Amino acid sequence: MTKHARPGSWRTFVSLAGLLGVSILISRLMPGPWRIALILLLAGVQGLLMILNFMRVRLHGQLIWIAAGASFVWLGILFALTLGDYLSRQVVW
Amino acid sequence: MSHSNTIAFQKQFDNLEQQRETANLGMWVFLGTELMFFGGVFLAFTIYRLMYPRAFAEAAGHLDLLTGSINTFILLTSSFLFSMAISTFQMRQRALTLLLLGSATVLGLAFLGVKGFEYLKDMRRGLFPGPSFFYDGPDRDQVQLFFVLYFIATGLHALHLLIGVFLTLVLMALVMLSWVRPRHELAIGVFGLYWHFVDLIWVFIFSLFYLLGGGR
């Protein structure tokens, strides 16, 4: 059920700003392949925080969860099928 | 009279809750199409980033990380203010709502101003793709491809933000004229989803284009 309560906007904002700072530090200071994975992971966490709190999905019913989640599932399918094709080609880039 | 009775709901709905869910569902379906739209750009970037890792890392190093970081912080702040505006509107604090929406709009415009400044700087350095593109390092074509994707992604995002700013100004005018009142609570809440979504897209643009290359 939708509620009117403010879902911790301050905490969300501070968390987002903190994650932004950590991402920038990692991009500048951390070498190696883990850097890319960590930056993408942090971007994902930031996105999740925005969706759940700023966009208030966590205050909604299952219908909105499904609608919001379905968009990302379709995006995942797009990425999985396309990258599956490109990454399995026997060509030297 | 309970609070919910004072909020308008249309006759085609059984109750206020159903109306809320329907309005939000409609906006989420629209945002789903927007996600696929930007997803295509992100996918193209991912493929070429995998194909030309050295050139893309080198190209990303030419972006201004400080400017991009400031702009990201500006948008995160605007999202926070918009979220607060939705809450204050529901609490029937009209003046505060207008102040918060106005502040979010100013930050949106500030983002566009900084972005425009960054574009100008890039163009002066010859980084805009086309006949005047200038890059004297190796992998010139791949570096140019990076900037094609960069200008497409950031340009489309800027266009979306510009639309958001315009619609927020319209919304503010409607609130000021009392054409939109707290009993029409969905108006700001549903539009807020669009505003947050545009900011969400920027977080990924920033991470992919600015951070993965280890910009300076």
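**Entry 1: a salt bridge in chain B.** I looked up B:Arg54 and B:Asp139 and found their side chains joined in a salt bridge, 2.7 Å from N to O. I note that the model is predicted. I then checked where the partners sit. B:Arg54 belongs to helix H2 (residues 53–60) of chain B, while B:Asp139 is in the loop between helix H4 (94–124) and helix H5 (140–176), so the pair ties together parts that are 85 residues apart in sequence. B:Arg54 is exposed at 61% relative accessible area. B:Asp139 is partly exposed at 25%.

**Entry 2: other salt bridges.** I searched the whole structure and got six salt bridges over all chains. One of them links B:Asp141 and B:Arg140, at 3.7 Å from N to O. B:Asp141 is exposed, with 54% relative accessibility. B:Arg140 is partly exposed, with 32%. A:Asp85 is partly exposed at 35% relative accessibility. A:Arg89 is also partly exposed, at 41%.

**Entry 3: the core.** Next I looked up the largest nonpolar core, and it has 91 residues. Those with the most contacts inside it include B:Trp28, B:Phe146 and B:Phe209. Helix H6 (residues 186–211) of chain B gives the largest share, 19 residues. Leaving out residues up to four places away in sequence, B:Phe146 touches B:Phe45, B:Phe56, B:Ala59, B:Ala60, B:Leu63 and B:Phe209.

**Entry 4: chain A.** I counted three helices and zero strands in chain A. Of its 93 residues, 40% are buried. Chain A exposes about 5,500 Å², and carbon and sulfur atoms supply 73% of that.

Conventions. Residues are numbered from 1 along each chain as its sequence is written. Chains are lettered from A and ligands numbered from 1 in the order in which they are written. This is a predicted model: local features need pLDDT of at least 70, side-chain atom pairs count only at pLDDT 80 or more; totals for chains, interfaces and linings use all residues. Side-chain values use heavy atoms; hydrogens and water are left out. A nonpolar core is a set of buried Ala, Val, Leu, Ile, Met, Phe, Trp, Tyr and Cys residues joined through side-chain atoms within 4.5 Å. Buried means under 20% relative accessible area, exposed over 50%, partly exposed in between (1.4 Å probe, protein chains only). Helices (H or I, at least four residues) and strands (E, at least two) are DSSP runs, numbered from the N terminus. Contact means heavy atoms within 4.5 Å. Accessible areas come from the Shrake-Rupley method with a 1.4 Å probe; for residues, only the protein chains shown count as cover. A salt bridge is a side-chain nitrogen of Lys or Arg within 4 Å of a carboxyl oxygen of Asp or Glu.
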